[in-house]
Amino acid sequence: MRSQEGTVLRSHGPGPELAVEEIEQTAGPGETLVEMRLAAVTSQDRTVLSGKQPAPSFTPGSEGFGVVVSSAVAATGAGVVLRGEGVGVTRPGLWGRYAVVPDAAVHPVPESMEPATALALLTPALTAHTAVRRVGQVLAGETVVVTGITGLVARLCAAVARSAGAARVIGLAGVVEPVELVGDLVDQIVRVDELGQVGRDLPWCDLAVDTLGGPVTSGVLGHITPGGRIALLGYKTGEFTTLDLHQLIGRDLRVLPVNVQRTTLEPGAIGQALADIAPARLRPEVELLPAARVSEVLDRSASGARFLLDLTALG
C-alpha cells in the first residue's frame, strides 16, 4: 500500500461551498495513487453537489488528469486520464492534490495530446466513439458520411471513422457554413440547403452518422448502400423525419439510435477514443481556473467553454 497526505476540496452538504481539508490517502490492492494536475467541472459534478447524490462530506470530481505515483496498471510518472468506476459519484473524487482511484479508472493519454485537450474533449470523444465504433460498427474500407460536420462531436466522429480505417469520410455542411475547421478530417464536403435537402452529389455510403435529424435524415437514407446503416446521434434541425419504408426494407437498411447514457463503456474505450482523435489535433475552448475558485464556476451557467480546475496549487 502507498499513502500520501495532501489537500482536498470537500463538500459537507448541497451547494457550491467547498472546504479545504488536509487528509491522508492510501491506495490498497487494485487501486492507483495519482498526483492530480487538472480536473474537469462536469454535469455529473454539478448533480452530485446539488445534493441528489451522494451523501454529505464528500470529495467531488469525476474526470481529471494526473501523474501516477503508484499503480499496478500504469508506470510511475505516466500522465493518465481518470474517469469511471464510481469516482466522484459513489466514491471520493478527484478535486484534490492526490487521489486514490480503482485501477480500471486509469486511462492512457496519447503522447501527442496535451492533458487539457484530452480532458476537455473526453466526453464528446466518448460520444463519437460510441456512435462510430460501438453503434455504427464502422469497418475498414467503408465510406462514412457525417452530417453537421462543422460541429465538434461531428468532427470527432469523422476522426474516429478515419482512425477505424474508413476509406472515405464525407462531411455534410450547410450552404453558408464555413468549413475551415474541418481541415483534413474529410475527403469531401457536400452542402445541405436551407430546407435540409441533401445535394445529389452525395456519394453512396456504408455508414451515416447523423447529428442533425429532421429532413437531413431522410435525405441521407437515400444514399446508403444495401445492408448499410445510419447511426442517429442528434436532432438539431428537427425531431421528426420521413422514412421511406420501401427503401428501408428493400435495401435492408438499419436505423440505429445512439443513446450514450444507456451504453456501457467497454474496457479500453476511453484510451481508444483519445487515441482515435489525437491525430486530428483539435483545440477545444478551455477555461482554466485555480481550484480555489471552483465555487465561482459552479455558480455560473454552462457555456461553450469547458471549465478545468488547476489542482497544482493545492498543498
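Mentor: Let us start with Asp-252, which lies in the loop between helix H5 (245-250) and strand S13. Please keep in mind that the model is predicted.

Trainee: Why is Asp-252 called exposed?

Mentor: Exposed means over 50% relative accessible area. Asp-252 has a relative accessible area of 53% and therefore counts as exposed.

Trainee: What makes the backbone of Asp-252 worth a remark?

Mentor: Its phi is positive, about 55°, although Asp-252 is not a glycine. Gln-137 is likewise not a glycine and has a positive phi, of about 50°. Gln-137 is found in the loop between helix H2 (115-135) and strand S8 (143-146).

Trainee: How do you know which residues Pro-257 touches?

Mentor: A contact needs heavy atoms within 4.5 Å. Not counting residues up to four places away in sequence, Pro-257 touches Val-135 and Leu-232.

Trainee: What makes a space in the structure a cavity rather than a pocket?

Mentor: In a cavity a 1.4 Å probe fits but cannot get out, whereas a pocket is open. The search of the whole structure finds one cavity of 30 Å³ or more. The largest cavity has a volume of about 60 Å³.

Trainee: Which residues line the largest cavity, and how do they divide by class?

Mentor: The lining includes Ser-112, Met-113, Glu-114, Thr-117 and Leu-121, together with Ala-278, Arg-281, Leu-282 and Arg-283. By class, there are four nonpolar, two polar and three charged residues.

Trainee: What is the volume of the second largest pocket, and which residues are closest to its centre?

Mentor: The volume of the second largest pocket is about 160 Å³. Of its 17 lining residues, Ile-23, Gln-25, Arg-91, Pro-92 and Val-100 are the closest to the centre. Strands S1 (2-10), S2 (19-27) and S6 (98-102) are the elements that each give two or more residues to this lining. The largest share, four residues, comes from S2.

Trainee: How is the lining of the second largest pocket divided by class?

Mentor: The lining has eight nonpolar, five polar and four charged residues.

Technical notes: Residues are numbered from 1 along each chain as its sequence is written. This is a predicted model: local features need pLDDT of at least 70, side-chain atom pairs count only at pLDDT 80 or more; totals for chains, interfaces and linings use all residues. Side-chain values use heavy atoms; hydrogens and water are left out. On a 1 Å grid over the protein atoms alone, a cavity is a set of points where a 1.4 Å probe fits but cannot get out, and a pocket is an open set with protein on both sides within 12 Å along at least five of seven lines; lining residues have an atom within 4 Å of a point. Grid points are joined across faces, edges and corners, and a volume is the space filled by probe spheres set on the points. Ala, Val, Leu, Ile, Met, Phe, Trp, Tyr, Cys and Pro count as nonpolar, Asp, Glu, Lys and Arg as charged, and the others, Gly among them, as polar. Buried means under 20% relative accessible area, exposed over 50%, partly exposed in between (1.4 Å probe, protein chains only).
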